[in-house]
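Trainee: I would like to learn how to read the features of a model like this one. Could we go through them in turn?

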Amino acid sequence: MTPDLLEEGARRVEVHAQLEQQGRTASGGRAAGFGRVATPGEIDVTHGRILYLEDVSVSFDGFKAINKLSLDIAPGELRCIIGPNGAGKTTMMDIITGKTRPDEGTVFFGSTIDLLRYKEAEIAQLGIGRKFQKPTVFEQLTVLENLELALKTGKDVASSMFFKLDSAQSDRLAEVLRTIHLADSVARRAGNLSHGQKQWLEIGMLLMQAPRLLLLDEPVAGMTDEETVRTAELFLSLKGKHSLMVVEHDMSFIKSISEIVTVLCDGSVLAQGTLDQVQADERVIEVYLGR
Ligand SMILES: Nc1ncnc2c1ncn2[C@@H]1O[C@H](COP(=O)(O)OP(=O)(O)OP(=O)(O)O)[C@@H](O)[C@H]1O
């Protein structure tokens, strides 16, 4: 949990109040049709999409990093995103999470939440969790304290030590500990965990906030083979309960978790299908081999 995320948590209540206000009063412009949140905290997936991007483009100094990108993710889906270096994978995640504003296009969370209307911190509060490549757990705190901290939004680290979890939060904490394979390590300092365990702990911290969509950037980079296998099991166990978008270069890992794989290249979708299908696609072979 980074200080940034703690700050985001502090604003959760405020944002939900704003959403409620917008739901009642919005009219005109974007808010008229799509931007309205009927019930704060609820994501409308009646159209079968948790995430929807259409014709999204962004340029940096005239260079089109994302170029008319369109894709959608179903609720509970585990989508793998692959693509050569510079394909636009990170930039796409930056756009979804509000870190980068696209020049044009549409980005929806469910069918009613226009993500382009929200700031980065608000998007996290809406239920989109992002895991960056490098783990950012509190090394001096125990596994348990790190997970508790993920719930203690709106407090500083010191005062949050005296925060008491309610029974639903305690249940969630126990479930998350089991899910991330750290139930036997609650009292261990995060700094003493292996790289893989730190990654799982950070995923656990995201899970404590019950995200609907998790964006995971190169989650198995630097992991041992055994940790990679356990991470695959972890992701497969999260699928269904959460929607996941996983960006990864490790093809054996992708093979072990993937259903649909999207190949990005030059800022748009080059191919999509099962891993076998995209690996047999001449265009994909060409961009990977540089022919
Ligand atoms: N803030 C920025 N300013 C200028 N160029 C940028 C910026 N962010 C990304 N780019 C460029 O946009 C392109 C896409 O970058 P991006 O990091 O999204 O690719 P990627 O698919 O995540 O690559 P990798 O697999 O190497 O992480 C690259 O050419 C990159 O140099």
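Predicted model: local features only at pLDDT ≥ 70, side-chain atom pairs only at ≥ 80, totals over all residues.

Trainee: Where does an oxygen atom of the ligand lie 2.9 Å from a backbone N or O atom, and where 2.7 Å or 2.6 Å from a polar side-chain atom?

Mentor: For a polar contact, look for a pair of N or O atoms within 3.5 Å. The backbone case is Gly88, with an N or O atom 2.9 Å from a ligand oxygen. In the side chain of Lys89, an N or O atom is 2.7 Å from an oxygen atom of the ligand. Thr91 has a polar side-chain atom at 2.6 Å from a ligand oxygen.

Trainee: How much of the ligand's accessible area does the protein cover?

Mentor: On its own the ligand has 640 Å² of accessible area, and the protein covers 59% of that.

Trainee: Is helix 4 mostly covered or mostly open, and which of its residues are buried?

Mentor: Buried means under 20% relative accessible area, with only the protein chains counted. By that test helix 4 is mostly covered, as seven of its eight residues are buried. The buried ones are Lys89, Thr91, Met92, Met93, Asp94, Ile95 and Ile96. After helix 4 comes Gly98, with a positive phi near 80 degrees.

**Single residues**

Trainee: Is Arg79 buried or exposed?

Mentor: Compare its relative accessibility with the cut-off. Arg79 counts as buried because its relative accessibility is 3%. Arg79 is part of strand 3 (residues 78–82).

Trainee: What does the side chain of Arg79 make a polar contact with, and which residues is Arg79 in contact with beyond its neighbours within four places in sequence?

Mentor: The polar contact is with the side chain of Glu77, at 2.7 Å. Beyond the neighbours within four places in sequence, the contacts of Arg79 are Asp72, Ile73, Leu244, Met245, Val246, Ile260, Thr262 and Gln272.

Trainee: Which backbone nitrogen does the side chain of Asp114 reach?

Mentor: Asp114 lies in strand 5 (residues 113–114), and its side chain reaches the backbone nitrogen of Leu116 at 3.0 Å. With a relative accessible area of 2%, Asp114 is buried. The C-alpha atoms of Asp114 and Tyr52 are 9.6 Å apart, while the two residues are separated by 62 residues along the chain.

Trainee: Where is Asp281 found, and is it buried or exposed?

Mentor: Asp281 sits in the loop between helix 12 (275–280) and helix 13 (282–289). Its relative accessible area is 18%, so Asp281 is buried. The side chains of Asp281 and Arg283 are joined by a polar contact of 2.7 Å.

Trainee: How many aromatic pairs does the structure hold?

Mentor: The distance of the centres and the angle of the planes describe a pair of aromatic rings. This structure holds one aromatic pair. The ring centres of Phe235 and Phe253 are 5.9 Å apart and the planes are at 75 degrees, so the pair is edge-to-face. The pair links distant parts of the chain, with Phe235 in helix 10 (residues 225–238) and Phe253 in helix 11 (residues 251–257), 18 residues apart. Both Phe235 and Phe253 are buried.

Trainee: How many helices and strands has the protein chain, and what share of its residues is buried?

Mentor: The protein chain has 13 helices and ten strands. Of its 291 residues, 49% are buried. The chain's accessible surface is about 13400 Å², and carbon and sulfur atoms account for 50% of it. Among contacts between residues at least 6 apart in sequence, 68% join residues at least 24 apart.

Methods: Residues numbered from 1 in each chain as written. Heavy atoms only, no water. Helix = DSSP H or I, 4+ residues; strand = E, 2+ residues; numbered from the N terminus. Buried < 20%, exposed > 50% of the residue type's maximum accessible area, 1.4 Å probe, protein only. Polar contact = N/O pair within 3.5 Å; in protein donor to acceptor, adjacent residues only side chain to side chain. Contact = heavy atoms within 4.5 Å. Areas by Shrake-Rupley, 256 points an atom, 1.4 Å probe, with all protein chains shown as cover. Phe/Tyr/Trp six-rings, centres within 6.5 Å; stacked < 30°, edge-to-face > 60°.
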